[in-house]
Amino acid sequence: MTEIKKRIPWVNWVLFFATVVVVFLLGLFASSIVERKAESEYVYKPRVKIRELEPRNSVWGENFPREYQTYLRTKDTSFRSKFNGSAPIDMLAEDPRLVVLWAGYAFSKNYDQSKGHYYAIRDIRETLRTGAPKDPDDGPQPNTCWSCKSPDVPRLMQAKGIAAFYKGKWASLGDEVVNYIGCADCHDPVTMDLQITRPALVEAFKAMGKDITKASHQEMRSLVCAQCHVEYYFDKKRQDSPDVAYLTFPWKYGTTAEAGLKYYTEILFTDFIHQLSRTPVLKAQHPDYELFLTGIHADRGVACADCHMPYIKEGGQKFTSHHIVSPLANIANTCQVCHRESEETLLENVYERQEKIKQIRDLAEVELVKAHVEAKAAWDAGAGEKEMEPVLDNIRIAQWYWDYAAASHGASFHSPLEVSRIIGLSLDKSKESRILLARLLPKLGKTGEVPYPDIATKEKAQQFIGLNMDQLKKEKEEFMKTVVPLWDQKAKERENSWPVVLEK
Amino acid sequence: MNKKLQWLIPPLPWRLPVAILLGIFFGLGILVLYLSKAGSYLSDDPKACVNCHVMNPQYANWAHDAHSRVTTCNDCHVPQTDFFNKYFFKAKDGLKHAYAFTFRLEPQVIIMEKETRPMIGGNCIRCHTETVQKEFLKPVLPLYHNHLEERYCLDCHRFIPHGSVGGLASTPNALIHPKKRNTVAGWIKETNIAISNE
């Protein structure tokens, strides 16, 4: 008690006021943090409210004008690189051998270079592969063919159920799937985070024993592309949805060409029976992501978006270009972000790889055409099923490997080493089948060379396999004139009933 | 010693109010630690640097640059010489940021301060040691190698990795959500298809 008297009063006052100041400042600091947190909610102030599963890209474009404007540039078809680009290229005219290799399959009728996301709906309507259906239950293709074409797809899948969406003929959803690939295919409407909207990729990850929810942001910048740019098939034997062409990726054993072949062989899957050789053929469909994964860029952690959607600056504002196109169209913003070489050097580096792959790909194609034609000659000479089995087995594998490399966009750049390896495997199997045929044909009384068909042009090749192109084109024209306008009309009526709500 | 401690203990009748006041004081302190996510600043996670939106443009620029594959913010902006230096700098810089934040002193366009240049310059060389060796540079850049010691990397490589100077308004749509990320669309999760293996 005596000690208190010893204290000097002003010391306590100083202590008191110092504490007041400290607490006041702490409070000020705390309140400023709270204010900033509230403020950051408004850093991005949307113009309109984007509904969940909103398929209209123009509505998203109201809030993200720069991204939308650049995305609209996928309409531009002026860029052409040495082998590809966004220009319209008739691949069958460029390489008529394709017609023979796909004889018996819709790809022999029509196969064009993909132009850009803007054309997704237009192209699938115009291609001869989808035929000319006259009513909703007509036509050669199932609804599954719409899967990758439009943000209307997740909208319909959510409403109808996944298997129910795939069910039915392609023409039955013609008036529902009308918006070309866009915002809702990759983005969450609220946070704009990258998001998987196609169940096939989720299921494929599960089949591999991987969990797609664990994907990092950098992986997502490739995985949203991998929703479509992958090898797939239509599974019609699912127990929970029989007779439905259920979109499935053959990834159970991994994403390599061998893993796909192993899977398809195990489930006895065949895309079509080859018209000439009667081979049960597997048609590879653009395994872009899979082959990219085997390349050096993927190995170094580069994502699709890094090169196909570079970060750009316009009028002082920076954003991700949504003009998805070959990086060769914009080397300065893509390659040169990491590589210090000149544009010419980099372009040469790419072309050198592509040219070398093209060289062995051409060899592999000629071998395969010969194998098909010689197999037909063997059948014609009276060969038995048993004798032909090992021949067709080799042709089947050779065609799978060749197509796996040929169907993939940009693969000869994405992964030149892996692609040359795969084409090498194809060449080996083609040669193997031709050795067997060379032993078999004389036994059947056929000696001398089986003549290589005159397939110098697309027309000659299509004639060779007996396609009536005039008929197909006429039917398509009729379809475009009569059916498609009705689809657009119905879609317009539906979309006009969806209001665009302005944010306050 | 004991006597000095005794001096701090308030007399019996004062003890209750003093305890309550001290409780308020420390409670407020903990609240500030919580609100400011003080714990996150001990890590090297770049997400800590966008706890508030002031650094959004810098984060977005870095995230779109090749450096984001191999570096965090701290790799360049915090001394990496030793543990003590690193956390001393973090504490010092943190206090400065808290001060600027409280009194709203942060500029629209954030530009590196002169004093941090040597530190950042050193951090460039920390990774790019081979690249700046005279023996290596001589044949490549015969004219410039002589001046290596007189300048920092960033004197010339000014746009690495954030690009040209950009203010708060330069990346309006770079929505940064360090917290939640839904990699699979909500409606897919609601269906009966299996997603994860757990």
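Reply:

**The helix pair, then the rest**

In chain A, helix α17 (residues 343-380) packs against helix α20 (residues 416-443) at an angle of about 25°, and their axes are 9 Å apart. Because of that angle, α17(A) runs roughly parallel to α20(A); the cut-offs are under 35 degrees for roughly parallel, over 145 for roughly antiparallel, 65 to 115 for roughly perpendicular, and oblique for the rest. The axes are lines fitted to C-alpha atoms, for helices over the stretch in contact, with angles from 0 to 180 degrees between N-to-C directions. Helices here are DSSP runs (H or I, at least four residues), numbered from the N terminus, and strands are E runs of at least two.

The crossing of α17(A) and α20(A) is left-handed, meaning the near helix is turned anticlockwise from the far one by less than a right angle (clockwise would be right-handed). By class, their contact has 16 nonpolar, four polar and seven charged residues. Nonpolar covers Ala, Val, Leu, Ile, Met, Phe, Trp, Tyr, Cys and Pro; charged covers Asp, Glu, Lys and Arg; the others, Gly among them, are polar.

A word on what you're looking at: this is a predicted model, where local features need pLDDT of at least 70, side-chain atom pairs count only at pLDDT 80 or more, and totals for chains, interfaces and linings use all residues. Residues are numbered from 1 along each chain as its sequence is written, with chains lettered from A and ligands numbered from 1 in the order in which they are written.

Most residues other than glycine have a negative phi, and most peptide bonds are trans. M192(A) has a positive phi, near 65°, and sits in the loop between α9 (162-166) and α10 (199-207) of chain A. M192(A) counts as buried because it has 21 C-beta neighbours inside 10 Å; buried takes 20 or more, exposed 12 or fewer, and partly exposed is in between, with C-beta atoms placed from the backbone.

Over in chain B, K37(B) also has a positive phi, about 50°, in the loop between α2 (15-35) and α3 (56-63). With 13 such neighbours, K37(B) counts as partly exposed. A cis peptide bond joins I160(B) and P161(B), with omega about -5°, and P161(B) is in the loop between α8 (153-156) and α9 (186-190) of chain B.

Finally, the chains meet through 39 residues from chain B and 46 from chain A, contact being C-beta atoms, placed from the backbone, within 7 Å. On the chain B side, α2(B) gives the largest share, six residues.

Technical notes
Contact = placed C-beta atoms within 7 Å.
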